[in-house]
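Welcome! Please take a moment with the sequence and the 3D view below, and then we can walk through the structure together.

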Amino acid sequence: QVQLVESGGGLVQPGGSLRLACEASGIIREIYVMGWYRQDPGAQRVKVADIALDDGNTNYAESVKGRFTISADNAKNTVYLQMDSLKPEDTAVYYCNVVAGRDLQVYWGKGTQVTVSS
């Protein structure tokens with residue numbers, strides 16, 4: 001059974017940091033990309049960052065460039081999101097995303113809440 005288990009969310013003050021982690025298990029096909037999306041209530045889910053596992057190529061949303069860093073541990077099928085200089089507008093539910101297999105199957109985690117507030 002495929003599972004994406006996220007951890008590391010929580011409440012932090014503006015300017016603070018959090019580190020999210022997502023471990024994927026049960027995926028027997030090759031994982032190509034791992035990433036993070038976020039969603040505000042009533043809004044669409046949008047991509048925050050992703051990383052290609054073969055060459056380490058990364059992509060970031062403009063709003064988080066220079067503040068967030070995505071990384072992955074291929075051996076552990078785990079992706080991380082280091083979030084620094086957090087702003088109230090970063091508040092959202094963050095979802096882990098995995099793309100695997102030749103048919104580019106997409107898997108989602110259940111989400112972890114990040115709240116940036118004083």
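## R67 and its surroundings

The backbone oxygen of S85 lies 3.0 Å from a polar atom of the R67 side chain, a polar contact (a pair of N or O atoms within 3.5 Å; within protein, one must be able to donate a hydrogen and the other to accept it, and residues adjacent in sequence count only if both atoms are side-chain atoms). This is a predicted model, where local features need pLDDT of at least 70 and side-chain atom pairs count only at pLDDT 80 or more, while totals for chains, interfaces and linings use all residues. Residues are numbered from 1 along each chain as its sequence is written, and side-chain values use heavy atoms, with hydrogens and water left out.

- R67 is found in the loop between β6 (58-60) and β7; strands (E, at least two residues) and helices (H or I, at least four) are DSSP runs, numbered from the N terminus.
- R67 counts as buried because its relative accessible area is 11%; buried means under 20%, exposed over 50%, and partly exposed in between (1.4 Å probe, protein chains only).
- Leaving out residues up to four places away in sequence, R67 touches Q82, M83, D84, S85, L86, K87 and D90, where contact means heavy atoms within 4.5 Å.

**The nonpolar core**

- The largest nonpolar core has 30 residues, and W36, L81, M83, Y94 and V98 touch the most other members. Such a core is a set of buried Ala, Val, Leu, Ile, Met, Phe, Trp, Tyr and Cys residues joined through side-chain atoms within 4.5 Å.
- At least two residues of this core come from each of β3 (18-25), β4 (31-39), β5 (46-52), β7 (68-73), β8 (78-83), β9 (92-100) and β11 (112-116).
- Strand β9 gives the most to this core, with 5 residues.

**Strands side by side**

- Two strands pair if DSSP finds at least two bridges between them.
- Strand β8 pairs with β3 in the antiparallel sense over 6 bridges, and β7 and β8 also pair in the antiparallel sense over 6 bridges.
- E23 has T78 in β8 as its bridge partner.
- β7 and β8 form a hairpin with 4 residues between them, and N77 in the turn has a positive phi of about 50°.
- Strand β8 is mostly covered, with 5 of its 6 residues buried.
- Strand β1 (residues 3-7) pairs with β3 in the antiparallel sense over 5 bridges, and S7 has A21 in β3 as its bridge partner.
- In a regular strand the side chains alternate between the two faces of the sheet.

**Rings and charges**

- How many aromatic pairs does a search of the whole structure find? The search finds 1.
- Y37 and W108 form that pair, which is edge-to-face, at 4.9 Å centre to centre and 75° between the planes. Rings of Phe, Tyr and Trp (its six-membered ring) pair if their centres lie within 6.5 Å; planes under 30 degrees apart count as stacked, over 60 as edge-to-face and the rest as tilted.
- The pair links distant parts of the chain, since Y37 is in strand β4 and W108 in strand β10 (residues 105-108), 71 residues apart.
- W108 counts as partly exposed because its relative accessibility is 38%.
- The charged end of R45 sits over the ring of Y95, 3.6 Å from its centre, and over the ring of W108, 4.6 Å from its centre. A charge sits over a ring if NZ of Lys or CZ of Arg is within 6 Å of the ring centre and within 35 degrees of the ring normal.

- A100 lies in strand β9 and counts as buried because its relative accessibility is 0%.
- The C-alpha atoms of A100 and Y32 are separated by 5.5 Å, although the two residues are 68 apart along the chain.
- Beyond its neighbours within four places in sequence, A100 is in contact with I27, R29, E30, I31, Y32, Q105 and Y107.
- D50 is found in strand β5 and is buried because its relative accessible area is 12%.
- The side chains of D50 and K47 are joined by a polar contact of 2.9 Å.
- Not counting residues up to four places away in sequence, D50 touches V33, M34, G35, N57, T58, N59 and I70.
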